[in-house]
Amino acid sequence: MTTVKRDGIPAGRILVVGGYGAVGAVVTAALAEWFPGLVVPGGRDEARVRRLGGVRVDVADAEGFAHALDECGDVSVVVLCVEPPDAGIARICLERGIHLVDVGATPRLLDAVADLHDVAVAAGASAVLSVGVAPGLTNLLARRAHEAVGGAERLDLTLLLGSGEQHGGDAVRWTVEGLAEPVTARPRRTALPGYGTRTAHPFPFSDQHTLPRTLGVPEVTTRLCLDSRPLTAALFAARRAGLLGVARRPGVRRLLTGAFRRVHLGGDGFAIRADARSGDRHAALALTGRGQSRVTGLVAAYVTRELLTATSPTGVHHIEQLPDLSGVPEMLAGHGVVLHASGLPDRSPGR
């Protein structure tokens with residue numbers, strides 16, 4: 001184990017993979033303030049990362065990643081701010097007894113890391129998955145709403161994103177891939193604080209795949225809309241017409257990813273809402289903020305801090321499974337994130 005604490009400070013170093021990206025730079029800055037001299041940014045751009053005092057790492061090169069860990073010396077935790085192609089990087093960390101915080105959002109990859117639970121337990125390591133806004137804050141609000149109704153039969157999660165924000169490449173690529181996925185659920189009209197009633201459309205966020213297992217809720221659906229009503233309407237009309245199915249082709253996906261990164265129609269605000277229902281019982285909570293990438297980085301930083309300074313159970317867990325992380329929404333209050341826990345109107349009827 002490399003996580004012996006001295007006066008609440010981890011003895012080892014903190015490697016932030018993707019430490020200069022849209023999310024990773026936020027993680028690096030926050031952790032460097034809390035743990036001076038212990039944070040090491042990592043990334044593929046060797047010249048850039050060396051200027052930042054970090055190390056070159058490539059999540060597609062497992063052998064090289066292991067060498068980078070050796071170069072860093074005694075590493076307590078790895079924060080993954082970019083998605084690797086498989087669970088190989090997670091296995092390397094957990095087998096060495098290194099904690100892991102993963103901001104990934106692809107269900108296939110999250111499931112693969114979750115399968116390493118016994119590996120983590122054997123090495124005395126902890127991994128936290130579903131770390132960010134969605135998944136992440138959506139999971140935490142979902143648990144609160146679920147508990148408020150005494151066990152939900154259905155959870156409806158709604159996410160509004162600011163279409164004017166400059167997102168990282170991984171986030172845009174993941175969104176493009178999601179638009180190409182088939183859907184079975186219907187759109188839903190939902191009231192969001194500060195944005196009025198919006199039509200949100202089913203979208204394959206990983207929280208709806210995770211929460212049925214972690215909370216035992218039979219039916220979970222996550223829906224998405226953008227702050228720009230015209231862009232939301234155009235985007236999902238194209239999906240209904242089957243025009244975005246070609247995004248499954250790698251070449252087309254690259255073209256669409258590049259195009260979406262150049263489109264900035266709207267602001268940088270976001271809102272999430274969780275509705276839980278059980279019989280005639282209904283509970284709703286919402287949260288608003290600005291800068292999804294920034295807040296994702298802050299969530300990852302706070303999770304990492306709690307992992308290093310509190311006593312967390314070993315093994316692999318999603319964020320909503322760890323009681324010590326239930327207060328993350330309140331931790332973000334000083335960063336402009338507002339929790340709306342009461343007085344929310346119900347959804348409007350129709351579409």
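Q: What makes up the protein chain in terms of helices and strands?
A: You get 13 helices and 16 strands. A helix here is a DSSP run of H or I with at least four residues, a strand is a run of E with at least two, and both are numbered from the N terminus. Keep in mind that this is a predicted model, where local features need pLDDT of at least 70 and side-chain atom pairs count only at pLDDT 80 or more, while totals for chains, interfaces and linings use all residues. Residues are numbered from 1 along each chain as its sequence is written, and side-chain values use heavy atoms, with hydrogens and water left out.

Q: What makes a residue of the protein chain count as buried, and what percentage of the 351 residues are buried?
A: Buried means under 20% relative accessible area (exposed is over 50%, partly exposed is in between, with a 1.4 Å probe and protein chains only). By that cut-off, 55% of the 351 residues are buried.

Q: Why can we say that the buried residues of H5 line one face of the helix?
A: Helix H5 (residues 107-114) has Leu-109, Leu-110 and Val-113 as its buried residues. Seen down the axis of H5, they fall within an arc of 100 degrees, so they line one face. That arc is taken from the directions from the helix axis to the C-beta atoms.

Q: What do the buried residues of H5 pack against?
A: Their partners include helix H4 (88-95), helix H6 (117-123) and strand S15 (315-318). Contact means heavy atoms within 4.5 Å.

Q: Why are S5 and S15 called edge strands?
A: The open sheet has 7 strands in the order S5-S4-S3-S6-S7-S8-S15, with parallel pairing. Strand S5 (55-56) and S15 each pair on one side only, so they are the edge strands. Two strands pair if DSSP finds at least two bridges between them.

Q: How do you know that S3 and S6 pair?
A: Strand S3 (residues 13-17) and strand S6 (residues 75-80) are joined by 5 bridges; at least two are needed, so they pair. As one example, Ile-14 has Val-77 in S6 as its bridge partner.

Q: What describes the packing of H7 and H9?
A: Two packed helices are described by the angle between their axes and the distance between the axes. For helix H7 (residues 133-148) and helix H9 (residues 207-214), the angle is about 40 degrees and the axes are 10 Å apart. Axes are lines fitted to C-alpha atoms, for helices over the stretch in contact, and angles run from 0 to 180 degrees between N-to-C directions.
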